[in-house]
Amino acid sequence: MGSAEAFTPSPRRYRVVQWATGAIGRSVIRGVMDRDDMELAGAWVHTPAKVGTDAGVLAGRAPVGVTATGDLDDILDLDADCVIFAPGPVRDRFAELDTLCALLSSGKNLISLSGLVYPQAHGPHFVNELEQACKRGGVSVHGSGVSHGFMADVMPLMLARLSRRITHVYARECTDFARHPSWGMVHHMLGFGKNEEAYLGALRPRRAAMRTLYSESLHLIAAGLGADLDEIDVDADHRLARTDLATAAGPVPRGTVAASRWTFSGLAAGRPVITLEIVHKANAARMCGEWGRPGYSLRVDGRPSLTLTADQDWVSDEISAATAHALNSVPAVCAAEPGIRTYLDLPMISGKMHL
């Protein structure tokens, strides 16, 4: 959606490496296998038990002739155009910087599905390290994701093209985790099912992780609107289950944490100019009175003011949607000038009609 010039896709198939094979990584592998313009060049796995397994089998498909590895050097040695980077939620963005820089320095473009929506949010040192790695490899890096790649960054900018003298942008995401199968996500990452004391005890590192995750989106929106944020304020709240709740990841007993609300406020000129509200619920059907229904809403206050709302079914499969953006971005990212390339820098990315 940026001002980048139109690009010409490669006449040969893009060789893609998948980094990590969780739910999103497996979806990427299937997506690569289904495209005529791409081929799987490699797969990196975190779990030792997966090492040596054919990547197609890991993705629930027939063998594709690519053996999964847990060794970074194996990936660095590959002849590949792009790495789709999907290691899962990251609490400390600097902890993965060496790996990112190694992949970029090896001459592989990188598309992250776990952040890097706007790396500038993490300061000049982080940006410089990425830029230098891109320069060494002659490649570029682009970021997207599920929680921070849909309504909370690009959509406000799309709405903003219809308004002037904008004073405030508000985005809200409310997610129901009743059918989410991951125990690690529902109970460990979100803290649902914990007693209040245990939840509050883990709040400080969780607050830091959430700031890392969502600060990029606020800075991207601000940059797209021609503003600089002075700081980001983070407010956290939670609710306890009034009755036993069932989820696909296991029960959430009465009296334990069952919902959370995070509010991120981007401040400029002494006031909030961008507000992002993230609500998570263990079982929304049983918690109707807590912070509204699942779904999404956007509001741009300006002349004119604009509002967009959608229920939770606006996209049939968020994982497939995140995968589609990553794969649809490969040609543009590979053709881009070396360096950090956000949504603001690339041409508009779109899928292709299937006839």
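Which residues line the largest cavity? I shall come to that after a word on the model.

This is a predicted model, in which local features need pLDDT of at least 70 and side-chain atom pairs count only at pLDDT 80 or more, while totals for chains, interfaces and linings use all residues. Residues are numbered from 1 along each chain as its sequence is written, and side-chain values use heavy atoms, with hydrogens and water left out.

To the cavity, then. The structure holds 1 cavity of 30 Å³ or more, and about 40 Å³ of space lies in the largest cavity. A cavity here is a set of points on a 1 Å grid over the protein atoms alone where a 1.4 Å probe fits but cannot get out, and lining residues have an atom within 4 Å of a point. The volume is the space filled by probe spheres set on the points. The lining consists of Ala152, Val169, Tyr170, Ala171, Ser217, Leu218, Ile221, Ile274, Thr275 and Leu276. Two or more of these residues come from each of strand 6 (164–176), helix 9 (203–224) and strand 9 (271–281). Helices (H or I, at least four residues) and strands (E, at least two) are DSSP runs, numbered from the N terminus. By class, the lining has 8 nonpolar, 2 polar and no charged residues.

Strand 6 also contains arginine 165, whose phi is near 50 degrees, a positive value in a residue other than glycine.

I turn to helix packing. Helix 1 (residues 23–33) and helix 10 (residues 318–335) pack at an angle of about 55 degrees, with their axes 9 Å apart. Helix 1 is therefore oblique to helix 10; angles under 35 degrees count as roughly parallel, over 145 as roughly antiparallel, 65 to 115 as roughly perpendicular and the rest as oblique. Ala23, Ile24, Ser27, Val28, Gly31 and Val32 of helix 1 make the contact (heavy atoms within 4.5 Å) with Ile319, Ser320, Thr323 and Leu327 of helix 10. These residues divide into 6 nonpolar, 4 polar and no charged.

For helix 4 (residues 97–105) and helix 5 (residues 124–137), the packing angle is about 20 degrees and the axes are 7 Å apart. These two helices are therefore roughly parallel to each other. Their contact has 8 nonpolar, 2 polar and 2 charged residues.

Finally, the peptide bond from arginine 303 to proline 304 is cis, with omega near -5 degrees. Proline 304 sits in the loop between strand 10 (295–303) and strand 11 (306–311).

Technical notes:
Axes fitted to C-alpha atoms, helices over the stretch in contact; angles between N-to-C directions. Nonpolar A, V, L, I, M, F, W, Y, C, P; charged D, E, K, R; others polar. 1 Å grid on protein atoms, 1.4 Å probe; cavity = no way out; pocket = protein on both sides within 12 Å on 5 of 7 lines; lining within 4 Å.
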